Amino acid sequence: MTPRPRAPDRLAGALVEGRAVLVRAVATSAACEEARLAHGTSPTATAALGRALTAALLLGSLLKGRQSVLLQWRGEGVLGPVVAEGRPDLTVRGYAGNPRADLPSRGGKLDVGGAVGCPGTLVVVKDLGLREPYVSTVPLRSGEMGEDLAYYLLTSEQIPSAVGLGVFVAPDRSVAAAGGLLVQALPGADEELTAQLAENMGRLGSITEVLRAGEGPEGLLARALEGIPFRPEQLGTPRFLCRCGPDRLDATLAALGPQEAQGLLDEEGEIRARCAFCAGEWRKASLEAEWERAGGKA
Ligand code: ZN
């Protein structure tokens with residue numbers, strides 16, 4: 001297949017009249033590539049982090065206002081924790097604990113399940129703007145991430161769901177295609193509908209093949225909803241974006257206390273801070289000085 005330029009990232013939904021189903025499809029190649037460049041991930045880490053970011057984007061898109069969802073895969077594999085946070089404005093950020101760790105591919109595919117590593121847990125933290133965030137933990141099913149998330153949605157949120165996530169890493173280690181699909185049977189879904197959805201998902205095949213063929217998120221919607229009339233709906237552009245910056249760094253320093261902070265300054269000559277989510281680095285030459293970006297990706 002001749003390489004195509006990456007299509008812009010897009011989230012699409014489906015308007016399905018009179019049927020209790022929610023479907024969202026997203027292309028996230030550009031956001032996943034940004035994450036790869038920020039963190040310098042190995043191919044397997046690129047795939048795992050990309051799947052996590054895509055999953056956080058899909059779930060984050062269902063929230064409102066300042067709410068957020070944080071997904072943490074905590075397995076026993078070489079990557080350490082794989083973490084992603086999504087928001088309703090379609091920004092995502094995330095990281096892998098050991099971004100440079102890698103595994104040999106299995107059956108011609110990047111071994112995401114092995115690199116995440118079962119047994120383990122998926123921890124979901126939903127900040128809905130209430131006093132306490134909602135935290136839920138489920139055991140990993142396979143570490144392949146889509147299946148783990150579907151299991152969380154069924155057991156913790158009682159929503160029968162199918163989740164497809166895919167990241168295709170090119171030989172030059174860049175992200176050639178990435179995206180995902182979320183299908184949920186809502187309360188009131190009849191048996192005929194759920195059977196049709198399950199059959200469609202069984203036939204879906206590879207998410208990234210659909211995207212690499214240039215069909216976009218609509219191609220994924222059309223496959224998920226085959227035999228069910230729908231209208232696609234454009235929901236916006238996902239972005240890999242972190243909100244770390246002077247305000248948060250000052251809050252962290254304040255929590256440390258002025259004596260500790262001054263101690264660090266005396267010892268090191270400056271205070272350095274690194275954001276796990278975007279690998280952004282910041283420094284400050286005195287307690288009164290402004291934070292400056294010292295490296296890493298914004
Ligand atoms: Zn950051």
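Visitor: Where does L63 lie?
Guide: You'll find L63 in the loop between α2 and β3 (68–75). Helices here are DSSP runs of H or I with at least four residues, and strands are runs of E with at least two, numbered from the N terminus.

Visitor: Is L63 buried or exposed?
Guide: L63 is buried, with a relative accessible area of 12%. Buried means under 20% relative accessible area and exposed over 50%, with partly exposed in between (1.4 Å probe, protein chains only).

Visitor: What kind of model is this?
Guide: This is a predicted model, in which local features need pLDDT of at least 70 and side-chain atom pairs count only at pLDDT 80 or more, while totals for chains, interfaces and linings use all residues. Residues are numbered from 1 along each chain as its sequence is written, and side-chain values use heavy atoms, with hydrogens and water left out.

Visitor: Good to know. Which residues are the protein donors of the zinc ion?
Guide: The SG atoms of C242, C244, C275 and C278 are the donors, at 2.3 to 2.4 Å from the zinc ion. A donor is an N, O or S atom within 2.8 Å of the metal (3.2 Å for Na, K and Ca), and sites may look incomplete because water is not among the atoms.

Visitor: And what are the angles among the four donor atoms?
Guide: They run from 99 to 114°, and the site is tetrahedral. Four donors count as tetrahedral if all angles lie between 85 and 135 degrees. For comparison, the ideal angle for four tetrahedral donors is 109.5 degrees.

Visitor: How are those donor residues spaced in sequence?
Guide: The pattern is C-x1-C-x30-C-x2-C. C242 sits in the loop between β11 (239–240) and α8 (246–256), and C275 in the loop between β12 (271–274) and β13 (281–284), so this pair ties together parts that are 33 residues apart in sequence.

Visitor: Are C242 and C275 buried or exposed?
Guide: C242 is buried, at 11% relative accessible area, and C275 is buried too, at 12%.

Visitor: Let's switch to rings. How many aromatic pairs does the structure hold?
Guide: One. The ring centres of Y95 and F277 are 5.2 Å apart and the planes are at 85°, so the pair is edge-to-face. Rings of Phe, Tyr and Trp (its six-membered ring) pair if their centres lie within 6.5 Å, and planes over 60 degrees apart count as edge-to-face, under 30 as stacked and the rest as tilted.

Visitor: Where do Y95 and F277 lie?
Guide: Y95 is in strand β5 (residues 91–96) and F277 is in the loop between β12 and β13, so the pair ties together parts that are 182 residues apart in sequence. F277 is buried, with a relative accessible area of 16%.

Visitor: What lies over the face of F277?
Guide: That would be R93, at 3.9 Å from the ring centre. Elsewhere, the charged end of R212 sits over the ring of F168, 3.7 Å from its centre. A charge sits over a ring if NZ of Lys or CZ of Arg is within 6 Å of the ring centre and within 35 degrees of the ring normal.

Visitor: New topic: how much space lies in the largest pocket?
Guide: About 670 Å³, the space filled by probe spheres set on grid points joined across faces, edges and corners. On a 1 Å grid over the protein atoms alone, a pocket is an open set of points where a 1.4 Å probe fits, with protein on both sides within 12 Å along at least five of seven lines; lining residues have an atom within 4 Å of a point.

Visitor: Which residues lie nearest its centre?
Guide: Of the 23 lining residues, R51, K109, L165, G166 and S206 do. At least two lining residues each come from α4 (146–155), β8 (161–169) and α6 (207–212). The largest share comes from β8, with seven residues.

Visitor: Which residues does a cis peptide bond join?
Guide: C118 and P119, with omega about 0°. P119 is in the loop between α3 (112–116) and β6 (120–127).

Visitor: And what is phi of M145?
Guide: Phi of M145 is near 85°, a positive value in a residue other than glycine. M145 is in the loop between β7 (134–139) and α4, buried at 0% relative accessible area. Q158 has a positive phi as well, near 55°, but Q158 is exposed, at 58%. Most residues other than glycine have a negative phi, and most peptide bonds are trans.

Definitions and conventions. Four donors count as tetrahedral if all angles lie between 85 and 135 degrees; four count as square planar and six as octahedral if opposite donors are over 155 degrees apart and all others between 65 and 115; anything else is irregular.
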